[in-house]
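Subject: Structure handover

Hello,

Here is the structure you were waiting for. Please open it alongside this email.

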Amino acid sequence: MASTRVRLVATLIISLVLLALEAAAARQLSEAPLTSIQSPDGDIIDCVHITKQPAFDHPLLKNHVIQMRPSDYPISHYDESSIITHPFTQTWHQNGECPENTIPIRRTKDEDILKASSIRKYGKMMPIGVPNLMSVEDPQTSNQTKGHQHAVASAWGNDKYYGTQATFNLWQPTVESAKHFSLAQLWITSGSYQNNDLNTIEAGWQVFPNLYNDSNARLFIYWTNDAYDKTGCYNLCPGFIQTNNQIAIGGSISQLSPVSIYAGLQYDITILVWKGRKDGNWWLKVGSYVLGYWPPSIFTNLANSAESIQWGGEVYSPNPASQTSTDMGSGHFPEEGFGKASYIRNIQVVDSFNSLISPNDVALGGAQRNCYRVLNGTARNWGTYIFYGGPGKNPNCP
């Protein structure tokens, strides 16, 4: 009897310790803000001192010195003076702004953490899967790609890549349930699933209710250096260093720069990721804002350059055995064209001369053509572009 009580007490103590550790880890997800802003969409944006951001929880960045601006920019040879652009804003801007020397961080709520099986897994949730089009292996053989469907264009081969720029059409696709997601993004990659050394830098917009507690289109980033195994996570997690006080990564797109309307007004955002020639950082620019960078030290294969770059749409379903009805892009097939199908235009890569150029060869790929597909082309004002997307489950895609 005594030994049973001892075991029960020991179990209780261990449980209390684990709860305390979980609570401590939860507190560490967000440092004490200097000020907070209540967003109309329900988010709380905390303005945290730039030196207290989550990036520095990464063991390789404990003594990192923040670089506030890029050492250089890629050279653009493309004239965009004839293209009408809309300012990129977010919903929380309606109620305030973060002061200098702080960065905006979307507050992690208790229910967000409770949806993850552990604090360690919060932020990873269901990772994005890279469509492994350049590999001889079946991309569906990787556990990380199960349930993921893509419609993408890829540049890969013997060239080394140092970044990419593209303009992404904004939509608010309907997802089948909270655990499904739909997105449009770029992937900068090196390595493979097969060797478990896939490195990625990813950025775009997504609708993911289980991660954000709503169905708004939101700006997101992601990274990994081991094929999504133990490293990598969404948005402001250890690894990415934010330097900008205007844009909240993970924040929803504002009603002031809304998503596109079928057969109506179209909206888009331009995203640029490039490797600084002098500082070696992978910098992120959204619209006119340089947001921050991924230091090369957190990568292995991407420490120097990329092997491939991809652009396109992705949907995820937690039940890969059943075709999802989640929309990709506008939810319409690319043949419908501008105003109806989702597009990515002015697709460029950064070459070894630090110039933004159109990719030499673009390969198209994606499973289930009757569910989602992609078309590409070139035009004077749009450069290299793709139309992509689809409705998912339909009479021809059961």
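Below are notes on the strands first, then on the salt bridges.

This is a predicted model: local features need pLDDT of at least 70, side-chain atom pairs count only at pLDDT 80 or more, and totals for chains, interfaces and linings use all residues. Residues are numbered from 1 along each chain as its sequence is written, and side-chain values use heavy atoms, with hydrogens and water left out.

Start with strand E16, residues 342-350. Nine of its nine residues are buried, so the rest of the structure largely encloses this strand. Buried means under 20% relative accessible area, exposed means over 50%, and partly exposed is in between (1.4 Å probe, protein chains only). Strands (E, at least two residues) and helices (H or I, at least four) are DSSP runs, numbered from the N terminus.

E16 pairs with several strands; two strands count as paired if DSSP finds at least two bridges between them.

- Strand E6 (residues 163-169) pairs with E16 in the antiparallel sense, over four bridges. Here Thr164 has Val349 of E16 as its bridge partner.
- Strand E20 (residues 383-389) runs antiparallel to E16, and three bridges join them. Tyr343 stands opposite Phe387 of E20.
- Strand E17 (residues 355-357) is also antiparallel to E16, with two bridges. Val349 stands opposite Ile357 of E17.

E16 and E17 form a hairpin with four residues between the strands. In this hairpin, Asn354 takes a positive phi near 65 degrees.

**The sheet E1-E2-E4**

Next, an open sheet. Its three strands come in the order E1-E2-E4, and the pairing is antiparallel. Strand E1 (35-38) and strand E4 (102-106) are at the edges with a single partner strand each, so one side of each has no neighbour in the sheet. Neighbouring strands of this sheet are turned by 25 degrees against each other on average, direction ignored. Axes here are lines fitted to C-alpha atoms (for helices, over the stretch in contact), and angles run from 0 to 180 degrees between N-to-C directions.

E1 and strand E2 (residues 44-49) are joined by four bridges and run antiparallel. In this pair, Ile37 stands opposite Ile45 of E2.

**Salt bridges**

A salt bridge is a side-chain nitrogen of Lys or Arg within 4 Å of a carboxyl oxygen of Asp or Glu. By this rule there are seven salt bridges.

Which residue does Asp43 meet in a salt bridge at 3.2 Å, N to O? The partner is Arg106. Asp43 sits in the loop between E1 and E2 and Arg106 in strand E4, so the pair ties together parts 63 residues apart in sequence. Both residues, Asp43 and Arg106, are buried.

Asp43 also forms a salt bridge with Arg218, at 2.8 Å, N to O. This pair links distant parts of the chain: Arg218 is in strand E9 (residues 218-224), Asp43 in the loop between E1 and E2, 175 residues apart. Arg218 is buried, like Asp43.

Now look at Lys230 and Asp229. They form a salt bridge, with the closest N and O atoms 3.4 Å apart. Lys230 counts as exposed because its relative accessibility is 66%. Asp229 is partly exposed, with a relative accessible area of 35%.

Finally, salt bridges that share partners join Asp43, Arg106, Asp214 and Arg218 into one network.

Best wishes
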